[in-house]
Amino acid sequence: MEFAELIKTPRVDNVVLHRPFYPAVEGTLCLTGHHLILSSRQDNTEELWLLHSNIDAIDKRFVGPLGTIIIKCKDFRIIQLDIPGMEECLNIASSIEALSTLDSITLMYPFFYRPMFDVIEDGWHSFLPEQEFELYSSATSEWRLSYVNKEFAVCPSYPPIVIVPRAIEDEALRKVAAFRHGGRFPVLSYYHKKNGMVIMRSGQPLTGTNGRRCKEDEKLINATLRAGKRGYIIDTRPLNVAQQARAKGGGFEQEAHYPQWRRIHKSIERYHILQESLVKLVEACNDQTHNMDRWLSKLEASNWLTHIKEILTTACLVAQCLDREGASILIHGTEGTDSTLQVTSLAQIILEPRSRTIRGFEALIEREWLQAGHPFQQRCAQSAYCNSRQKWESPVFLLFLDCVWQILRQFPCSFEFNENFLIMLFEHAYASQFGTFLGNNESERCKLKLQQKTMSLWSWVNRPSELSKFTNPLFEANNLVIWPSVAPQSLQLWEGIFLRWNRSSRYLDEAYEEMVNIIEYNRALQAKVNILRRQLAELETEDGMQQSP
Amino acid sequence: ILHSQISTIEKQATTATGCPLLIRCKNFQLLQLIIPQERDCHDVYLSLVRLARPVKYEELYCFSFNPKLDKEEREQGWMLIDLGEEYKRMGLPNNYWQLSDVNRDYRVCDSYPADLYVPRSATAHIIVGSSKFRSRRRFPALSYYYRENHASICRSSQPLSGFSARCLEDEQMLQAIRKANPGSDFIYVVDTRPKLNAMANRAAGKGYENEDNYSNIKFQFIGIENIHVMRNMCELKSPSMSDFLWGLENSGWLRHIKAILDAGIFIAKAVSEEGASVLVHCSDGWDRTAQVCSVASLLLDPHYRTLKGFMVLIEKDWISFGHKFNHRYGNLDGDPKEISPVIDQFIECVWQLMEQFPCAFEFNERFLIHIQNHIYSCQFGNFLCNSQKERQELKIQERTHSSWAHLWKNRAEYLNPLFRADHSQTRGALRLPTAPCSFTHKYVVLWALAQFWSGMYNRFEKGLQPRQSVTDYLMAVKEESQQLEEELAALGERLEKIQKVQLNRTEVKSNKQSEPRKHSGFSASDSSTANTPQDYTGNVKSFPSRSPSQGDEDSALILTQDNLKSSDPDLSANSDQESGVEDLSCRSPSGGERAPSEDSSKDRDSDEAVFLTA
């Protein structure tokens, strides 16, 4: 086994673990192929199980013979291990470094993980595109499933099955694919049952500097418009960026060729700008100097909340155009795999009550992120502590989750899931025993045979014992469109993620417990009352029967 | 809008539609009136300017406000909060502390209350001597007595020490305070000013205590700066994120709040952990001292975290000890430099603590907001004038109403659903001072402080508020639970009754079956009494009459949900983004909706009674 070569010292005794808010623990440190384990010898009370893939960066320090390793995790946790013996410490450090940066995906833990639970429902088949389409097909016949991408030949980052206008043939789709970045031709993202309007998404049109056009593309998106109606094209890039893109063969839809469409440019940042923002924010949150002013200016300098505001504003704009103005919408940025997906999925959270349920939200992640080809493998390769700073690393998905949290905070009773559900998704996107977030698109996942070789996250989450942890006790189905506020006063730092390891949550947890108690007590009472009412009713009819003869 | 709420009025350039008038209110409301005629506008402007700056107390609203209560009720309202009772609750007077009459008729200090607690060993001579050595004669007096270890929090103003002056009586006074606490051989003297300010004051013949002159004191500066306001930034129109954070930081407001909290925590720990008494002062001892003393008391004593206790706290540390409400909140036209949101800061400190300890407070955010509102509104007499003496001269209690009674009457609205008297966060000393794990990590406070209290400062921009209130939701759930409990009891009783009756009847029947052969003559009358038809018909009758009411309740409950949904059209009718607010408002009607169902359950109870008596 190759892991054995990487593990120079599998076991060290008398290692001391330091974590904020916990007393130091002394125990034995073990390294396995995928885990770093610390167990104190007393009845295994204190244990640390850490996936190597969760480790973002490590620092070493030596004071005499005592070595210290500081482990910084992708979930922003920082822990410290004091290891006696310089050699052991160096060995451990280099092993961790090697094991946390494995090149081959097939060596990752999901390929070795054997679940200890019974699979009630195989998550790989929980959200099939055909089933999702059935939800729409009852309401409209204007759309169809297309299998044009069956072999991933037309668009490598699309799933084999997509939803397109019924009027457009597969042949036309191929032509449109050639005109759109990465072959990402416009497909249906969301159908608004209330008025039959839709959100579509795509890659940028490849107009180039000479203003190339594509009749099929125009026909495709016009097919979604009602007679005499106009639609909106939301370009997530500012105008100047879109113009610059033309030099590289990209571009945007010219008014002349798309007269029925109004184009709006927004400016949602991408790539390293977001990554740098995250790095600065996490740095500020970990700052232990207790100076009020520096904290606020650092928070401001990170620009994180500015990004949140921009994304939410765009999503609200889309929802507003769709719901209030009754217009169809096409959204794209450059590739259509990042900011585009943030906007389409948040707009659905705002508009569609189903996406605020646990299952509906899972379906949304599956449809708008996994199948839509958000490159999780690249984007979530590293987190806030790593120095590698590759262009493709970017907390796009975390920003999306943060936006959902902001809406959840404003509408605490409208979501079936709670904050823990979002935190769980964040953790598994960066390091997981499940195969769900591996790979960059469906094509890669197919090649890796994830369905056969790994377990789906949904298989685990959708068991009642897990679901209970993620259910919001305040939830009451709300069929309304929910309009969040995007004013700076209404947006907050997501403490549950960014200050998670730096605060004691005891009092907040107690409050949460109290809340659950109040609601459960109410439900129990309701059940009892119902039983008594029924008993009474039975007795009364019995009475009546006895009396009537 | 009450005239007293108006902070500034601004006439803006005339436009085509008319003449705009911009009104900024003290409760952070901002509104613009457009008046078609310029002349009218000018008239309105002039009268508002005059009305917003009353010169005499008699012009204030509270002197004409009449909530239709008779004299007795009004007097009861004023008696709701009784400071004498409060000192008794603390365990006073006792062997160490006594009620002093030295300030009767405000002879010694006109900004202090008449009734004050001082150490038993402090004679009138010492007190008067000490008062002469203190700014505005505000001598050290008791603010809070911590029963468990005899430590106390006292307050005063700065000593007139200058560079070298000393006063024997004042030194004896501090000595007396120390001796009143047998558990500790020193006292803390906390000067809440930054050291620089205190030193500058020495040149003016004032200053701070010299540790050489006073035996056994530990002197401590806690730098709470002078007060500058953040009002401007609340008005920013659709600011960008960085404008907002930048403004928040530059206002220095949060830094201020943190300084106050830190000082309060320091004192609470000194008292509860070190068992040492603390003397707190700033310059005059009526602003920062009041803030710090009340935060410390709040941390130490769970009583102050209840609705009534919080009223008592404000009555004690702010109203009775001469916080200058009139000057600070500009009730009457006065020096604008005197105006400062001192108590607003205290209220925000409380809110920050509530955020940290969600189960520890009996009241909710709305309570704080309404108190703040009353402080500025002058609708009630509590927050008038600068001292108890002035209030007495004006006969406030006879001529106005008390806001405490008003708040107490509506207390159901202010309850925190998460508060439970037996919860660990509420029992004893909140565990805050005794096990201050959360506060040794100061940054915990720091983080929470970064959260801007938009519930207060943006309360009139409903679009910025969370659209669904967890508090209201939980209150509704709790209320429903209570009803269910009642119903459960009623149902249980009825069930028991019916079962008993049935049991009787089956017994009777079995009797009947055996009896007829023996006493066939009796059977008719027997069965008639045993079966008691009236009873049954009564029973049968009461069922139909009852089941609709039961049905009613069901439908009422369903209705509330319908209500939720039915607000949909409302919502979609609105075309702006803020329409989500509707959602919030649909919550409160749903709470109200339950009231009739409660009635129906009561009806049923009375039904029940009929049934039982029948």
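Are Glu253(A) and Arg180(A) buried or exposed? Select the two residues in chain A of this predicted model: Glu253(A) is buried, and Arg180(A) is buried as well.

**Stop 1: the pair Glu253(A) and Arg180(A)**

Show both side chains. They meet in a salt bridge, with an N to O distance of 2.9 Å. Now colour the surrounding elements. Glu253(A) sits in the loop between helix H6 (239–247) and strand E13 (261–265) of chain A. Arg180(A) sits in the loop between helix H4 (170–179) and strand E10 (187–192) of chain A. The two residues are 73 residues apart, and the pair links distant parts of the chain.

**Stop 2: Asp323(A) and Lys194(A)**

Next select Asp323(A) and Lys194(A), which form a salt bridge whose closest N and O atoms are 2.7 Å apart. Asp323(A) belongs to helix H9 (residues 304–323) of chain A, while Lys194(A) is in the loop between E10 and strand E11 (197–201) of chain A, so the pair ties together parts that lie 129 residues apart in sequence. Asp323(A) is buried, at a relative accessible area of 9%, whereas Lys194(A) is exposed, at 54%.

**Stop 3: a network in chain A**

Stay in chain A and pick Glu132(A), Arg354(A) and Arg367(A), which a network of salt bridges links together. Over all chains, the count of salt bridges comes to 39.

**Stop 4: the two domains of chain A**

Colour residues 4–102 of chain A as domain 1 and residues 129–500 as domain 2. Their C-alpha centres lie 37 Å apart.

On the domain 1 side, select Asp56(A), Lys74(A) and Phe76(A): they supply 59% of the area that domain 1 of chain A buries against domain 2 of chain A, more than any other three residues.

Which kinds of polar link cross between domain 1 and domain 2 of chain A? Seven residue pairs are in polar contact across this interface, but the count of salt bridges between domain 1 and domain 2 of chain A is zero.

**Stop 5: helix H3 of chain B**

Move to chain B and select helix H3 (residues 83–90), where both Lys88(B) and Glu85(B) lie, three residues apart, about one turn of the helix. Lys88(B) forms a salt bridge with Glu85(B), the closest N and O atoms being 3.6 Å apart. Lys88(B) is exposed, with a relative accessible area of 54%; Glu85(B) is partly exposed, at 45%.

**Stop 6: Cys282(B)**

Finish at Cys282(B), where an unreviewed UniProt entry places the feature "active site". Look for Cys282(B) in the loop between strand E10 (277–281) and helix H10 (288–300) of chain B. Cys282(B) is buried, with a relative accessible area of 3%.

Which residues is Cys282(B) in contact with, leaving aside its neighbours within four places in sequence? Select these to see the surroundings of Cys282(B):

- Ser156(B), Ser157(B) and Gln158(B) are among the contacts of Cys282(B).
- Asp191(B), Thr192(B) and Arg193(B) are also in contact with Cys282(B).
- Arg288(B) and Thr289(B) complete the list of contacts of Cys282(B) beyond those neighbours.

Technical notes
Residues numbered from 1 in each chain as written. Chains lettered and ligands numbered in written order. Predicted model: local features only at pLDDT ≥ 70, side-chain atom pairs only at ≥ 80, totals over all residues. Heavy atoms only, no water. UniProt positions renumbered as here; feature names shortened; annotations may be inferred. Helix = DSSP H or I, 4+ residues; strand = E, 2+ residues; numbered from the N terminus. Buried < 20%, exposed > 50% of the residue type's maximum accessible area, 1.4 Å probe, protein only. Contact = heavy atoms within 4.5 Å. Domains from an automatic or database assignment. Buried area = accessible area lost by both parts, 1.4 Å probe. Salt bridge = Lys/Arg side-chain N within 4 Å of Asp/Glu carboxyl O. Polar contact = N/O pair within 3.5 Å; in protein donor to acceptor, adjacent residues only side chain to side chain.
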